[in-house]
Amino acid sequence: MEAVAFYIIAAIAVFGALLMITRRNPLAGAFSLVVSLIALAGIYAMLRAELIFILQILVYAGAIMVLVIFTIMLLNLREEELEEPPAGKIKTLIILAAVAFGCYGIIKVLSGAPDEVPRVPENFGSVEKVGELMLTSYLYPFEIISVVLLVAIVGVVLLAKKVI
Amino acid sequence: MISPPPVNTEILNLLAPLLVLVGAGLLFLMFGAFRNRVGTFQRALIVILYAAVLFYVGKLWNAEGWPILNGMLIIDRFSLFFTAVVTICALGSVLTSANYLDRFGLDRSEYFALLFFATSGMVVLVSAYNLISLFLGLELMSLSVYVLVGYRRRDFFANEAALKYFLLGAFAIAFFLYGVSMIYGLTGTTNFKGIMVEATSRGIARDPLFLLAVALILAGFAFKISSVPFHMWVPDVYQGAPTPITSLMATAVKAASFAAFLRLFYMCFMMGSSKWSGIIAVLAVLTMTLGNIVALVQRNIKRMMAYSSIAHAGYILIGLASLSIESTRAASSILYYLLAYSFMTIGAFALISAVEKREGTRGLDIAEYAGLGLKKPFLGLAMAVFMFSLAGIPPTAGFFGKYYIFSAAVEGGHVGLAIIGVLNSALSLYYYLRVLVVMYMQKGVEPLDVHDDLGVKVVLLVSLFAILWLGFGPERLLPGVESILEWTRVSVAKIASLGM
């Protein structure tokens, strides 16, 4: 049951991503991306990673996509400026991806590698648990991320300024 | 309920180099709020702060190196060695920056704040003991450097360089992260030690997914160390960036990435299989051969140095390909090589930045160095030593670096690699010596206009001294060659013993 749900959601995600790179109109591409991102959120939900699920919807499918669409509208592209999608290239890409996937499956079957995966602890991915981990085990990465974000903000201001 | 990791004075002591760097970055952001230009006082302060980092490295050198803060990072001799290397490189970049920024009208305190943040990112990177902290170190370093590359905003080449570096860098980091996520899926941990234990105990190392993950991580690192086939960005980015930042990218960024690369592969992915050795050996051969051959035809000195830095990454990859658990020789030779390479490259770029001009021909063509050797004897001599050292001519540090790497390769059974390395160094002689020929034997047409202020002179003098000292410095006053080699050995000894 879980596996069926996973394959359906995964198919939607891949389909959305595929549409995104094949659409000629950037706006249609952006909306296809939303489909893919929401499907991804579904996979997070299946993994019981509540916090990531909410963040995926709010931040990626919500805030970031609004920014993307905003940018596309600001660019104000006309019909004749759009490039034809390179159909041949996309076909090749799809075939290559299928081949790679097939090779991986064959190697996996032939090598007989262990299929068991490590178990996750109880409450894994809940808001409470993630918050707790962030300020205990992952204190150091948490502090470093704050510096990374600061650098990103300073960098953007610096590069966007009128005069140096 | 898990209790937070204890943060006591002992741990704060261990974190001192990092805290000084981050604090310095914040301080210089604050300066920027009050005053645009960077005065003599601030410049002195930058040098003092970097010196403080070196002081702490010296103080911590004998500390027990155990993973701290829940195994997120480790302050051992290996990380301290590389902290010192990147600090020296950053200091070299700062000292050449002062005059350069003045001339190009770019003198702002954010520049130095970002330099501090980039250095702290490198310190996070070299002391990482967990894939998460490794990734964050990589990001902190890269983000700061992306901005610094595009710092000359009015310049077309700088814009091109920053955009190229940012997009390709983001792409490479995505490869790396994809690999990391697979490793986490397979082993359930991101801790180096945990990965090592899991990979050896449950036969995960044979899983094709594991191989794919390591290959993706390898691709991420190969981008950062500018190895073929991920080298396309190097010449354009090195050319477009402000010269002191090019110097930082060719030395500190490369050294820090190599350090993380070495620790991760030595600890986690090298065990008992020569698969990765073979792949890295192929990369090494391609990297040095392509770097050297394309460097032969370069007219622009920054582009020539870019290809030369690709070639040097190739030599260092020989060392990585010869890594073995039984002997630390290959690993310690990499440390020595990076130290030696950093000094000669910092020196060469300091000189390039002094000759560079804002207008007209820009002073970057090798032909514009005509007559420099005789008109400015000290600069000429310094450049000659840097070029000899880069080409690997005795008795300079460059020669000994190559000697140690090649002999480690021979010891590890990679005789073919060593031979290709030697042939490549012979090839590189042509383009390094061409600079000297132009400098000494051709008459300059235009009057030379060299801006060698105190900072540049100090960098030249120190690098010149270090290159000769690393070659045959005796044990007096300063630690001589023997101690430096001993440092490189003890730095890697612990990683090798953990990797068993």
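## Domains, interface and a buried serine in a predicted model

Between domain 1 of chain A and domain 2 of chain A, the count of salt bridges is zero. The structure described here is a predicted model. The count of residue pairs in polar contact between these two domains, with both residues at pLDDT 80 or more, is likewise zero. By class, the side of domain 1 of chain A that touches domain 2 of chain A comprises two nonpolar, two polar and two charged residues.

Domain 1 of chain A covers residues 2-125, and domain 2 of chain A covers residues 126-164. Six residues of domain 1 of chain A are in contact with four residues of domain 2 of chain A. The two domains of chain A bury about 480 Å² between them, with 68% of it on carbon and sulfur atoms. Within domain 1 of chain A, the residues that lose the most area to domain 2 of chain A are A:Leu51, A:Asn123 and A:Gly125, which together account for 69% of what that side buries.

The contact between the two chains is considered next.

| Parts | Area buried between them | Share from carbon and sulfur atoms |
|---|---|---|
| Domain 1 of chain A and domain 2 of chain A | about 480 Å² | 68% |
| Chain B and chain A | about 3400 Å² | 74% |

In the interface of the chains, 45 residues of chain B are in contact with 35 residues of chain A. Across this interface of chain B and chain A, zero salt bridges are found, and one residue pair is in polar contact, both residues being at pLDDT 80 or more. On the side of chain B that touches chain A, the elements giving two or more residues are α2 (16-34), α5 (109-126), α6 (131-149), α7 (156-187) and α9 (208-224) of chain B. Of these, α6(B) gives the most, with seven residues. The residues on this side of chain B divide into 27 nonpolar, 11 polar and seven charged.

One residue of chain B may be followed in detail. B:Ser97 lies in helix α4 (residues 77-104) of chain B. Its relative accessibility is 0%, and B:Ser97 therefore counts as buried. Not counting residues up to four places away in sequence, B:Ser97 touches B:Tyr111, B:Phe112 and B:Pro244. With B:Tyr111, the side chain of B:Ser97 forms a side-chain polar contact of 2.9 Å. B:Ser97 and B:Ser353 are 256 residues apart along the chain, and their C-alpha atoms are separated by 8.4 Å.

Terms used
Residues numbered from 1 in each chain as written. Chains lettered and ligands numbered in written order. Predicted model: local features only at pLDDT ≥ 70, side-chain atom pairs only at ≥ 80, totals over all residues. Heavy atoms only, no water. Helix = DSSP H or I, 4+ residues; strand = E, 2+ residues; numbered from the N terminus. Buried < 20%, exposed > 50% of the residue type's maximum accessible area, 1.4 Å probe, protein only. Contact = heavy atoms within 4.5 Å. Polar contact = N/O pair within 3.5 Å; in protein donor to acceptor, adjacent residues only side chain to side chain. Buried area = accessible area lost by both parts, 1.4 Å probe. Salt bridge = Lys/Arg side-chain N within 4 Å of Asp/Glu carboxyl O. Nonpolar A, V, L, I, M, F, W, Y, C, P; charged D, E, K, R; others polar. Domains from an automatic or database assignment.
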